[in-house]
Amino acid sequence: MTGEEGLGKTALPPLLNTAIVRRMKTLTCDLCDTEFSAETFEEWMAQVNAHYNIAHISTIEDTKDQSQQEAMFWMMRQMERWSEAQDKAVN
Ligand SMILES: [Zn+2]
């Protein structure tokens, strides 16, 4: 019996659970009420893009011919919504 082996199997120290408090924002899709939570705008945008491909495929089709400027405006509008969204701490 070595005793050392038992130590390796102890539960994670409680600090590890509380130290990782991540700042998340929750923001809905701009076309429906589906909510997405992410730490950064890029992460949020990736989730919305994936959601668009499933839920708003017709909108993507409709905007295929939009100019780069229009696409830019759309992105800026999303960034604005993101910056206005409330930070919230989650465990
Ligand atoms: Zn949506």
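The points below go from the basis of the model to the whole chain and then to two residues.

1. This is a predicted model, in which local features need pLDDT of at least 70 and side-chain atom pairs count only at pLDDT 80 or more, whereas totals for chains, interfaces and linings use all residues. Residues are numbered from 1 along each chain as its sequence is written.

2. The chain has five helices and three strands, where helices (H or I, at least four residues) and strands (E, at least two) are DSSP runs numbered from the N terminus. Along the sequence these elements follow the pattern α-α-β-β-α-α-α-β.

3. Of the 91 residues, 3% count as buried, a residue being buried if 20 or more other C-beta atoms lie within 10 Å of its own, exposed if 12 or fewer, and partly exposed in between, with C-beta atoms placed from the backbone. Among contacts (C-beta atoms, placed from the backbone, within 7 Å) between residues at least 6 apart in sequence, 48% join residues at least 24 apart.

4. Ser 37 lies in strand β2, residues 35–38, and is partly exposed because 15 other C-beta atoms are within 10 Å. Leaving aside residues up to four places away in sequence, Ser 37 touches Met 24, Lys 25 and Thr 26.

5. Thr 26 belongs to strand β1, residues 22–28, and counts as partly exposed because it has 14 C-beta neighbours inside 10 Å. The C-alpha atoms of Thr 26 and Ser 37 are separated by 4.2 Å, although the two residues are 11 apart along the chain.

6. Ser 37 and Gln 47 are 10 residues apart in sequence, with a C-alpha to C-alpha distance of 8.6 Å.

Terms used:
Contact = placed C-beta atoms within 7 Å.
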